[in-house]
Amino acid sequence: MEESREILLKVWTSAVHIIISFLNEMQRQLDAHDFGSFDKIKEEYFLAIAKVNVMKLLDSANSISFQVDPPTDQSCKNSYGAAKRNLSKMVDVVMVYQALDHGLPTILSLLSGKTKELVVAEGEELIKRLSDVFAKLSDELNNTVRSQSLFITDTGVHRFTKHVMDHIRLLVQHKRTIHPMLEGGLESFGELVTRLIWSLEFMLNVNSRSLQLQGQEQIFLLNNVHFMLEEAEKNIELVLILRESWFLRCQDQIDQFIAGYVDVSWTPVMSSLERKTRFSVILWPHQLLCKFTSAFEVTCSAHKHWKVADPLMRHKLREAISHKVLPSLYRMHVECDSEKMNKSARYSIEQIESQLLELFEG
């Protein structure tokens, strides 16, 4: 029991199959041969050996499933590592339950009398405990995800988002095993998954507020929510659980993130083209364009390295920026003399468009 839980689980799962094969073969050989006077006690002999092996198997399952983790420092309670351990323990419980659900009926079919009654009682108690532990871990995980404090190094999809979505996909993969572990079955399973998705959304929203630069919050949320949406769409079971309303809400959120990003990041840039004086417009184009060029360069330089991995999302963002920036520049060309405009502007409209196409490459 000094080994890691992962290794113990693999060994224990293998032991289930080995013991079933061993008992099947032992019973076959006992039934196939005439042992004379020993025939009178061979069933008791078989049951005694079976009892020892099966009870050890169930005791080991108890030790693995309810193994206590070493104490965690209170300051690290909401760390990524703590959440990962919680996710791992849930998977372990599912694996043990699945192996018992598969192997216990076969083992019981080989037993009889008091031995069978004992194994049934122990097996049912273990299964109940596993169900209780799974429900407790689900609640703990939900709280851990909601209170998670992220270390955000860029605007891309966070590793914690990926890990939680991987875990949700694994839960859905084993839903037939998990249903019996939950009171309410299928409906409770749907609530479990939905609640975890909501907690992930809430946590991402809270953590995004720590980003300092204008527009970073919206790009971070855009990347992470879009990733969640794509991952959910790949799994038909998850689509049925989350329902159309969740997918439509995510699409609306993505549109809002794009609009919000353009507003907070590019409205200040475009404000440099506003005429805030009563003096003649002829005096202003050069100064306005210098201000615009400076603001444009600063914003492009910063946002060029913000990563948006999905090509469609990159296209939508660039298109939204173009709709914000280009009409005002075209209007300046119309209102001002082209030759003077070209002398004042560091970039042509074509160069501006080219610069925008380099944004969000990471």
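Guide: Buried means under 20% relative accessible area, exposed over 50%, and partly exposed in between, with a 1.4 Å probe and protein chains only. This is a predicted model, where local features need pLDDT of at least 70, side-chain atom pairs count only at pLDDT 80 or more, and totals for chains, interfaces and linings use all residues. Residues are numbered from 1 along each chain as its sequence is written, and side-chain values use heavy atoms, leaving out hydrogens and water.

Visitor: How many aromatic pairs are there?

Guide: Rings of Phe, Tyr and Trp (its six-membered ring) pair if their centres lie within 6.5 Å; planes under 30 degrees apart count as stacked, over 60 as edge-to-face and the rest as tilted. By this rule, the count is five.

Visitor: What kind of pair do phenylalanine 38 and tyrosine 45 make?

Guide: Phe35, Phe38 and Tyr45 form one aromatic cluster. For phenylalanine 38 and tyrosine 45, the ring centres sit 5.4 Å apart and the planes meet at 75 degrees, so call the pair edge-to-face.

Visitor: Is tyrosine 45 buried, exposed or partly exposed?

Guide: Its relative accessibility is 40%. That puts tyrosine 45 down as partly exposed.

Visitor: What about tryptophan 266 and phenylalanine 296: which type of aromatic pair do they form?

Guide: Tryptophan 266 has 0% relative accessibility, so it counts as buried, and phenylalanine 296, also at 0%, counts as buried. Their rings are 5.9 Å centre to centre with 55 degrees between the planes, which makes the pair tilted.
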